[in-house]
Amino acid sequence: MFLLQATNSSTTTALFLGTIGMLVLTIGLVVFIIMHQRRVQRFQQKLQQMEIEQQKMMLNASIKMQEEERQRLAADLHDDAGPLLATARLYLNENLVNQDKVNQLQSIFQARQIIDDTIQLIRNISHDLMPPTLKNFGLESAINDLFQKISGSGTVNASQRFHDYKDRLKPEKELLVFRIVQELINNILKHSNSSFIHLTQNVHADKFYLRIHHDGRGIVQSDFEKLNKSNIGLGLKNIGSRIRLLQGEILFEKDISQTYYKVTIEVPKDEPYSS
Amino acid sequence: MYYIVSYSYLIIPLCFLLLRGKLKDKVPTVLALYGILFCGWLIYYKTSPKDIRKYLQVFYTFLEYSFFTYIFWLLIRNKAVKIFILFASFLFIAFQIFFVTSTTFKRLDSIPIGIETILLFVYIFYFFYEFSKQTKDVFIYNHFSFWIAVGIMIYLGGSFFFYILINSLNQDEVDKFGNLTYVAEIIKNLLFALSIYMYKRYPVNNIPNHRKNIPNLDMI
């Protein structure tokens with residue numbers, strides 16, 4: 001009887017303690033999950049704050065870049081086009097003063113030469129602003145042109161392959177992607193000391209991909225993010241803001257073989273654009 | 001107390017009916033169905049002939065496991081875990097059939113209930129893990145599924161040891177501790193109703209589930 005009572009009492013104790021234990025475990029787990037999530041959210045908020053800061057920096061960089069571009073344009077027009085046109089004006093003025101036919105013809109000829117040079121200069125400025133190949137024939141041709149020019153210099157072997165570009169991106173998007181590629185190529189030429197650059201394009205699902213390989217000195221994602229947050233690396237900041245505009249992603253990494261650096265750009269495709 | 005618990009199940013379909021039209025997900029409907037079915041079942045159980053009660057109990061365990069598991073099946077996104085749930089459920093049902101045909105028990109089918117509880121705890125732990133991994137911008141307690149999981153955990157936690165040890169308790173102890181499980185059961189029903197309310201208040205947040213495949217971009 002005593003044994004039976006003892007057994008029964010230990011069963012109820014086990015039941016009581018077990019139930020309390022289970023409930024404590026449940027409450028503990030719930031509290032832990034809530035606390036953990038709050039911590040994660042606080043971290044997330046911090047990240048968002050940092051992202052806002054970075055956006056501000058990018059905006060500043062983009063404004064600065066725009067100002068620099070305007071200054072360059074103003075300088076080109078003022079220093080090159082301005083004097084050329086003034087000289088042409090002088091020659092034409094001389095025509096009014098000097099009645100000698102031979103001199104008149106000579107000055108008209110000189111003025112025409114100068115006007116031709118000015119036209120070429122303005123065309124160059126305009127091409128710099130918006131490459132005509134990009135406008136007329138699309139991204140593939142514009143990149144092809146750019147790469148041919150680089151290869152033509154003889155120091156770097158640049159090649160490109162577009163796997164699937166039947167459906168062109170919208171012109172605004174093409175221009176942004178082209179500017180990113182230009183900036184990346186400029187950086188590679190300036191800093192990497194590489195002997196070849198290769199660009200590949202492909203599409204998958206609703207995404208457009210570009211990847212640039214090169215065999216010089218490069219950067220990885222952490223470097224890109226670090227430079228993006230610092231006060232230097234204006235070009236990279238511009239790449240960042242253009243990627244943001246495109247709602248895309250960019251990834252800097254080193255190839256598995258550790259021989260090449262690669263930069264992958266991912267951009268959402270929109271409805272097909274026909275040129 | 002037994003009838004209070006039985007009728008407390010009706011809070012769930014009541015809440016569902018009050019918020020009808022705004023609930024597009026399957027889970028609130030499953031919860032409402034669960035409330036109606038279990039209320040009816042509990043009321044019927046009291047008036048049922050004693051010789052079929054054993055089967056009713058086993059069927060209750062099966063039904064309860066099926067409902068809860070189906071809810072987690074809907075909430076969990078990982079395909080491998082879903083396959084595991086299917087596999088574990090198949091084994092569990094096979095074990096239940098074996099148990100009911102080969103074992104006699106005094107009051108309740110304690111062992112299947114124990115296994116049911118452990119399996120459901122595993123699903124809940126995984127669900128919480130997946131949820132906290134995928135959703136970082138929504139407070140977990142603003143999501144309806146959190147309250148379902150908490151309700152099930154309180155219910156299972158409050159009744160696990162009681163159901164495991166029920167066959168070795170005397171009637172007084174069963175009555176005394178039974179009330180504790182009733183309280184846990186009522187809390188669970190209230191939390192289920194709350195989850196329907198939360199569903200309406202904070203519409204389901206789509207948990208992003210993407211991982212992209214980068215196509216061929218090799219140097220060829």
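Is A:Ala205 buried or exposed in this model? A:Ala205 is exposed, with a relative accessible area of 65%, where buried means under 20% relative accessible area, exposed over 50% and partly exposed in between, with a 1.4 Å probe and protein chains only. The model is a predicted one, in which local features need pLDDT of at least 70 and side-chain atom pairs count only at pLDDT 80 or more, while totals for chains, interfaces and linings use all residues; side-chain values use heavy atoms, with hydrogens and water left out. Residues are numbered from 1 along each chain as its sequence is written, and chains are lettered from A and ligands numbered from 1 in the order in which they are written.

A:Ala205 is located in the loop between strand S2 (196-204) and strand S3 (207-214) of chain A. Helices (H or I, at least four residues) and strands (E, at least two) are DSSP runs, numbered from the N terminus. Although A:Ala205 is not a glycine, its phi is positive, at about 55°. A positive phi, near 55°, is also found for A:Gln247, a residue other than glycine. A:Gln247 is placed in the loop between helix H7 (234-246) and strand S4 (249-254) of chain A, and is exposed, with a relative accessible area of 66%.

A further loop of chain A, between helix H2 (101-129) and helix H3 (132-137), holds A:Pro131. With 12% relative accessibility, A:Pro131 counts as buried. Its C-alpha atom is separated by 7.4 Å from that of A:Ala142, eleven residues apart along the chain. When residues up to four places away in sequence are not counted, A:Pro131 touches A:Phe178 and A:Arg179, contact meaning heavy atoms within 4.5 Å. A:Arg179 belongs to helix H5 (residues 171-192) of chain A and counts as buried at 15% relative accessibility. Apart from neighbours within four places in sequence, A:Arg179 is in contact with A:Asp128, A:Leu129, A:Met130, A:Pro131 and A:Arg242.

Charged pairs were examined next. A search of the whole structure finds six salt bridges over all chains, a salt bridge being a side-chain nitrogen of Lys or Arg within 4 Å of a carboxyl oxygen of Asp or Glu. One of them joins A:Arg70 to A:Glu67, with the closest N and O atoms 3.5 Å apart. These two residues are three residues apart in helix H1 (residues 2-97) of chain A, and are therefore separated by about one helical turn. A:Arg70 is exposed, with a relative accessible area of 52%, whereas A:Glu67 is partly exposed, at 35%. A:Arg72 forms a salt bridge with A:Asp76, the closest N and O atoms being 3.1 Å apart. Because A:Arg72 and A:Asp76 are four residues apart in helix H1 of chain A, about one helical turn separates them. A:Arg72 is partly exposed, with a relative accessible area of 30%. In another salt bridge, the side chains of A:Glu174 and A:Arg168 meet at 2.7 Å, N to O. Both A:Glu174 and A:Arg168 are buried.

Chain B has eight helices and zero strands, and its pattern along the sequence reads α-α-α-α-α-α-α-α. Of the 220 residues in chain B, 54% are buried. Among contacts in chain B between residues at least 6 apart in sequence, 76% join residues at least 24 apart.

Two packed helices are described by the angle between their axes and the distance between the axes. Helix H4 (residues 53-75) of chain B and helix H5 (residues 79-102) of chain B pack at an angle of about 180°, with axes 11 Å apart. Axes are lines fitted to C-alpha atoms, for helices over the stretch in contact, and angles run from 0 to 180 degrees between N-to-C directions. H4(B) and H5(B) are therefore roughly antiparallel to each other; angles under 35 degrees count as roughly parallel, over 145 as roughly antiparallel, 65 to 115 as roughly perpendicular and the rest as oblique. Among the residues that meet are B:Tyr55, B:Phe62 and B:Trp73 in H4(B), and B:Leu86, B:Phe92 and B:Val100 in H5(B). By class, this contact has eleven nonpolar, four polar and two charged residues. Here Ala, Val, Leu, Ile, Met, Phe, Trp, Tyr, Cys and Pro count as nonpolar, Asp, Glu, Lys and Arg as charged, and the others, Gly among them, as polar.
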